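Let's take a walk through a protein model together. Keep the sequence and the 3D view side by side as you read, and look up each residue when it is mentioned.

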Amino acid sequence: MKSFAYAAIAGTAAAAGGNWGYYTMGKDWTVQCATGQHQSPIDLNAKDKADFSLKIQNFGDQTGLHTHIHGKTGTYANGALYLKRKDNPAEEIGRRLQTHGKVKNVLQLDAEGDIELKRNEKDGATLHYQPNQLHVHAPSEHTIGGKYFDMEMHFVMLPHSATGDAHEKFVKEQKAKEGDADYKVNYAVLGVMFTETDCKDDAGKAIKECEAKLKMTDSFFESMNMDQIKQGSKGPIENRNDSWVKADKVPLKSFMDSLDTSQFYAYEGSLTTPPCWEGVRWSVLKNALPISKKQLGLVTRNYAGNEKFAKLKGNNRVIMPLNDRKLFFIDNGALSLAATTMAGLATAAYLF
Ligand SMILES: [Zn+2]
């Protein structure tokens, strides 16, 4: 594996023993992906209640980020669309493409941003994580009560002790474990679902709360400049290549503030791509955000909507069994009106 980005997250590295892709949605992946008993994603249908909480704090708007897309076709097809920072954002795009393998390319998504997980299942510890990058899968990886969503965003988070100056040491220690079939990571991932909608009801009337959220997600995704990612023979999918697009003014604060953390699912699982390491604390928000047809299309044209990619399959792994794990549903307070509207939409989108 070339770098932490690949080792840790959704990247391009081969699973031990071969390349991997989405032709079979991961059914043919090896090592921990095949042998692990605590894998992700799963169907979220929990009835177990827990006194957990999830707090998102100190996020600011972002400058100097890049949208990074990685794509592969051919005998294997993998890839994802990320938003992340590079350590040398001033470098010219062309040079970065050539030097990609040498770039220390993962830094914190937000230097101040913090996600606090309170868990009472073990020692009652309060855990703090710092978002490293975010990326998306379309369709969703997790299902809620058996239903897929149009897209699922993952915030991949590291403990604060592994960020900043300590990051390099963390990467080294992790790389040394690459071949270990029982290796467990200490990551947290926050999952956020999206439903494509124009926020109109059956009579064509605008649903106000939904529209406000759609406006916010539109400006967030527009800031990622996905329309600048090359398509066709020059695109990353057809080309087996990376593409970096500047995303210099990302309204991350309003996006994070809009997340409804009152209701979420929590369980311990794994990375959803090889090497599928376990030890990941998952929190998946119950209430989906709206996404416009245009912005969703800019994602799926690289994956599920692109016949060159895994024969029109998306970049989502198949659902894994829960086995002996606990799966919690946390309900901290009544749904807001806006959240109710979105929950309704999420259901409606899959009834028709
Ligand atoms: Zn993911």
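Start at helix α8, residues 293–300, where Q295, L296, L298, V299 and T300 are buried. Here a residue is called buried if 20 or more other C-beta atoms lie within 10 Å of its own, exposed if 12 or fewer, and partly exposed in between, with C-beta atoms placed from the backbone. Helices (H or I, at least four residues) and strands (E, at least two) are DSSP runs, numbered from the N terminus. What do the buried residues of α8 pack against? Their partners are β5 (79–85), β7 (126–137), β9 (151–159), β10 (184–196), α5 (208–222) and β14 (289–291).

Before going on, please note that this is a predicted model: local features need pLDDT of at least 70, side-chain atom pairs count only at pLDDT 80 or more, and totals for chains, interfaces and linings use all residues. Residues are numbered from 1 along each chain as its sequence is written. The term pLDDT stands for the predictor's confidence in each residue, from 0 to 100. The protein chain has a mean pLDDT of 80, and 79% of its residues reach 70 or more.

Now step back to see the whole chain. It has 9 helices and 15 strands, and of its 352 residues, 44% count as buried. Two residues are in contact if their C-beta atoms, placed from the backbone, lie within 7 Å. Among the contacts with a separation of 6 or more, 75% come from residues 24 or more positions apart.

One of the partners of α8 is helix α5. This helix has 15 residues and reaches 21 Å from its first C-alpha to its last, close to the 21 Å expected at 1.5 Å a residue; the expected span is 1.5 Å times one less than the number of residues. Which residues of α5 are buried? They are C210, K213, L214, F220 and F221. Seen down the axis of α5, these buried residues fall within an arc of 125°, so they line one face of the helix. The arc is that of the directions from the helix axis to the C-beta atoms. An α-helix has 3.6 residues a turn, so residues three or four places apart point the same way.

Next, look inside. A nonpolar core is a set of buried Ala, Val, Leu, Ile, Met, Phe, Trp, Tyr and Cys residues joined through C-beta atoms within 7 Å. The largest such core has 72 residues, of which M151, M157, A188, V189, F194 and V299 touch the most other members. Strand β10 gives the most to this core, with 7 residues. Not counting residues up to four places away in sequence, V189 touches H154, F155, V156, M157, V280 and W282. In soluble globular proteins, nonpolar side chains tend to be buried together.

Two strands pair if DSSP finds at least two bridges between them. β10 and strand β13 (residues 278–285) pair in the parallel sense over 6 bridges, and Y187 has V280 of β13 as its bridge partner. On the other hand, strand β12 (residues 263–270) and β13 run antiparallel, joined by 7 bridges; here S270 is partnered with E278 of β13.

Between β12 and β13 there is a loop that holds P275. A cis peptide bond joins P274 and P275, with omega about 10°. Another cis peptide bond joins S40 and P41, with omega about 0°; P41 sits in the loop between α2 (32–35) and β1 (43–44). M25, in the loop between α1 (4–8) and α2, has a positive phi near 55° although M25 is not a glycine. Most residues other than glycine have a negative phi, and most peptide bonds are trans.

Finally, which stretches call for caution? For residues 1–17, pLDDT stays under 50, and pLDDT also stays under 50 over residues 88–106. Where pLDDT is low, the predicted coordinates should not be read in detail.
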